[in-house]
Amino acid sequence: MRGNPWPAEAGGGAPLPETGEQAPMLPRAVAGSCARPPASGGASPAAAAVRAAVPAGDAAPAAPAARKPLIPATSPTRKTTHKPPPAGQGKVAARNAALIQAAAALIWAPQAALIAMAIGGLAHGAPASAMLAPAAGVLALGLLRAALDALGVRRAFQGARPILTARRRDACAAMAARSPLDMNRAASGEAAAIIGEQAEAVQAWLARFQPARMKASIVPLVILACVAPLSWVAGLILLIAAPLIPLFMALIGWRAKAASEAQLVEMGAMNAFLLDRLRGLATIRTLGAVETTATRLRANAETVRRKTMAVLRIAFLSSAVLELFSALGVALVAVYIGFHLLGDLPFGAWGGKLTLAQGLFILLLAPAFFEPLRELSAVWHDKAAGEAAMTALDRLSAPGEGPAAIPLPGAQAPERQGEAATDPARSGSTPPASSLSVAPPPTGPLMVTAHGLRFRYPGAATPALPDGFSVNIAAGERVALLGPSGGGKSTLLALLAGLAAPQHGVITIGGQRLDDASAARLRQRMAWIGQQPHVFTGGLEANVSLGRAAPNVRASAGRALRWANLADVAASRGGAIIGEGGVGLSGGEALRLALARAAFNQEAGLVLADEPTAHLDRATAGAVTESLLELAKGRTLIVATHDPELARRMDRTIHLPSPTALEERS
């Protein structure tokens, strides 16, 4: 057995044994999954992103009158989600914000001119009252500069946020488009670290570094144009000192980017390791491996510390180099102006000799010449970290390619499928015939047919199913899948659920072929019950509804809890929050929670259950069996099990061969 491949949408989501990772949720609207807030607070970023991708069920058809649902039929209201501005608009806003901040920095030139003129006038005997007009001008320009700078910072943030949101959405969509059976999926801890934490570096990069780079490319040139007509020596000093700063920053920046990428990779690996060990903490304690795990975690943390300190050393080095050259440049200009006014260096001025006002004007502009470069150096670490985070997001956003990739059928959002079907220009090619007619999924119990299936995991030596495997299950029939571990029971359930596409063969659910065009819609008519349902941080009702739409979600969740005999548990806990992974619930209560999740989906015509009675005592297993049979009334039920008592209660039993027999046959 390869473990439960079904996501936690209706109670599944058990970790795959090979990776120990949680299977991701099925997307209803993949494009907006990361932008929607979680249903309950306190969850990790990965859990929030996963929970947000749960199918809402509002596209499911009404339950037929012939079957009395466990929860009264409802007509869910359609949700409207706020869509952030396109990333293209964010780039335009970021560029405009950078121009505004550059204009704010250039206001210092007229302010310096007013100050120099006022002091020059005082030196030539002008009355103190003559200072009022320049002082008012400096004040007005200062207020304008502050307003423009604040506006530019705000616009920079507003321009950077949509770009980051789009990148996160693409990463979530790409991860949701990969099958839970794909062993090359990013570990959930690593994905959570990249999307929830490391991606924030992109915000600082776009909102701070891009405006600083614009200012560094505009302001020094304008100041040089103001200084050069007064003194070619001062202009030459600035012109010689300026290129040294970007040169050393580029040399340091290459090393800073590599160090930041190494730090982010190590941090993601440590988060993945920590989350995996937290999930298996009970097993680690049982095997007495707590000290070994703590030692490895301590070593990973030490590696992260060293790489973080390496990044900080480079950041401080770049700042020190910039401060050195900017200080030398300003000092050389000050020395020249001072000796020039004293008459020791009479050359360098176009008009013979600089006046006090002109010399003071150049001295005031010299620090402003280097200020944008100093700001650029201060945010150079943001650039390195932002580019490294962008690379990590691009790695998550890359679709699974190659022979080892297993895509998730129907991962494309239904509304986008409709757009591609009606507008070939959007998809860039002629849509397939199967996507031109979007038929609603059938109602009532679903007939399941599989013919000529062939499926082999990438890199596996033996097939996961017997080649040419076929099965026909009538609507409303209850079937048990029996066989030893590794015989393909969970793989068959995954194929029937549309979590992976067989290399050969055809699967039909309710008379509709299960393919990319129909998988997402057909999965809305399915419910899953796994042996290890994942429980998110939150209340019991939120863990039952999982963000799915209903006119009265709380009432529907309450009815499902009462049906699953969890009303007393909900009453005793009150509004207490359940810990991540089901902390506070027993194994039997967690399994009954999975039953309540399945009961919440009143439109489900097919129930898939993977080892629902495994690891339970006889009494609890009997109660779960009775609840499962009651849930299956008016539905088709397929159960993968080793429990002979549960198999005996089914209408029919299908035996799958052992892995040794599959290997010999292969």
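Phe347 is partly exposed, with a relative accessible area of 44%; buried means under 20%, exposed over 50%, and partly exposed in between, with a 1.4 Å probe and protein chains only. This is a predicted model, in which local features need pLDDT of at least 70, side-chain atom pairs count only at pLDDT 80 or more, and totals for chains, interfaces and linings use all residues. Residues are numbered from 1 along each chain as its sequence is written, and side-chain values use heavy atoms, leaving out hydrogens and water.

The structure holds three aromatic pairs. Rings of Phe, Tyr and Trp (its six-membered ring) pair if their centres lie within 6.5 Å; planes under 30 degrees apart count as stacked, over 60 as edge-to-face and the rest as tilted. The pair of Tyr336 and Phe347 is tilted, because the ring centres are 6.4 Å apart and the planes stand at 50 degrees. This pair links distant parts of the chain, 11 residues apart: Tyr336 is in helix H9 (residues 290-342), and Phe347 is in the loop between H9 and helix H10 (356-378). Tyr336 counts as buried, at 4% relative accessibility.

## Phe455 and Tyr457

The rings of Phe455 and Tyr457 have centres 5.0 Å apart and planes at 85 degrees, so this pair is edge-to-face. Phe455 is buried at 2% relative accessibility, and Tyr457 is buried with a relative accessible area of 5%.

## Helix H6

Helices (H or I, at least four residues) are DSSP runs, numbered from the N terminus. Helix H6 (residues 200-227) has 28 residues and should span 40 Å at 1.5 Å a residue, which agrees with the 40 Å between its end C-alpha atoms; the expected span is 1.5 Å times one less than the number of residues.

H6 has a kink of about 25 degrees at Phe209, shortly before the proline Pro211. The bend at a residue is the angle between axes fitted to the seven residues ending there and the seven starting there.

Terms used: Helices (H or I, at least four residues) and strands (E, at least two) are DSSP runs, numbered from the N terminus.
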